[in-house]
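Dear colleague,

I am passing on a structure that may be new to you, and below it I have set out what was found there. Please read the notes with the structure open beside them.

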Amino acid sequence: MSIILLLVVCLVCSVAITPLKYRSITNTIFLFVLEWIVVMLLANQQWYGLYDVSVSVEQIVLVGVVSFLCGSFISVLLRRYKFTIRMNGECTYSVKYVLLYFLGVICILYFMPQFINAMRALLSGNSMNTIRLLVQDESSGFSGSSKIKNLIGNFIVLPSATALEVLCVSDFWLGKRDKKLLIITMSVVFLRIVSDAGRTPLVNLAMYLIFGYLTTHQKRGMVNEKNAKADKRLVKKYSLCGLVVVLLISFSRTSSTLSRQLYFYFAMSPVLFTRWKEVVDSANLITYGLTSLNGYFFSIVYFIKNMFGLDYPALLQLSYDMIAATDRVWKPIAQSNINANAYVSVFWFMYTDYRIIGVIIGMVCYGYVISRTYIQLIDKKNVYHLAIYLILLQGVMFSFIRFPFAKPYYAIGLLIIGLTLRRERTCQ
């Protein structure tokens, strides 16, 4: 339990070093530390036969959290400094709606065939769990997988769908509340939920909606006070609807009790980190940043390779294969032959990059970026900083699964957010 006490101390320190203006439940620094207190506490309970966590992994988690806080502390100290070219006037941002409409239509056309297949399966008496298994089984042909389809999906559609969710909510709270964008985004989310029986798009949208509301309504003057009560009712209504849908999908997909599934969902990450740390150590694999930033490195090299007929660099190939293995290979996490995949945590990626030094450097940088983004949102209150905050929040909230920038859809989605927001400067 010493690891839990030390993490609680980290939480207290994070509150202490944060100026009063930024002390809020919406601060991603507090959310990150609190999340890892919960994860490590649940993992140490070892319910349902969960295997124990190695001491070395507990130490790495502690070092990672402390490094994250060091990065956030640096951001707090430097919050008054601007690392941009000084220009007169104040920046405002507007959404490029036509471009988002175009990307949304592409997403709808992409997901529609699989949505039709899923509806046929449901109308034939199959459950959401059956659809999920068919989607995961590439040999089933359910999703019509092909090289071209995977290329479009991974590098265009999924990044666009990710950006749409973030920008729709940001526009809703600090923009024009464009109805077309809202309808297109909700359509894409609905198609994705039915197509692969996944809960992630709906969970993300609900999270963006709630935290977008909290950050834009926590101080007077950020929104029109006349709309505050209506917005609060709206958030409650949509959150309740989203919760009901997520529970229905969860019940239809699981063959075990929901409580056991939820426990493993939050508690198994340190155990899988232990398993995959052993694999990395035995392979003596050090990737020097390629694993954590695979979403960018692989995307760039992928197109260069196919344009010029080159081979992947050996180290990038090893890094990519190792990441893919964490998703593909299931490892034992508990007694009674219970296996799991994917949930290796943010720290595993940085450990693979350069062991404990990689964790320290990576988490300091991550903490700095996360903290600075939140500070800029509270100080500037515009649609751009809200969008960046929300997508980074998603990575923080799922840090017990992976480092988000290792996935191309997330890395490219962040770039799409920047491209679909027009920067304007108001002269003084």
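In helix α2, Thr28, Leu31, Phe32 and Glu35 meet Tyr389, Leu393, Val396 and Met397 of helix α15, where contact means heavy atoms within 4.5 Å and helices are DSSP runs (H or I, at least four residues) numbered from the N terminus. These contact residues divide into six nonpolar, one polar and one charged, with Ala, Val, Leu, Ile, Met, Phe, Trp, Tyr, Cys and Pro counted as nonpolar, Asp, Glu, Lys and Arg as charged, and the others, Gly among them, as polar.

This is a predicted model, in which local features need pLDDT of at least 70 and side-chain atom pairs count only at pLDDT 80 or more, while totals for chains, interfaces and linings use all residues. Residues are numbered from 1 along each chain as its sequence is written, and side-chain values use heavy atoms, with hydrogens and water left out.

The axes of α2 (residues 28-45) and α15 (residues 383-397), which are lines fitted to C-alpha atoms over the stretch in contact, come within 10 Å and cross at roughly 15°, an angle taken between N-to-C directions on a scale from 0 to 180 degrees. That makes α2 roughly parallel to α15, a term for angles under 35 degrees. The crossing of α2 and α15 is right-handed, meaning that the near helix is turned clockwise from the far one by less than a right angle.

With kind regards

Note on methods: Helix = DSSP H or I, 4+ residues; strand = E, 2+ residues; numbered from the N terminus. Parallel < 35°, antiparallel > 145°, perpendicular 65-115°, else oblique.
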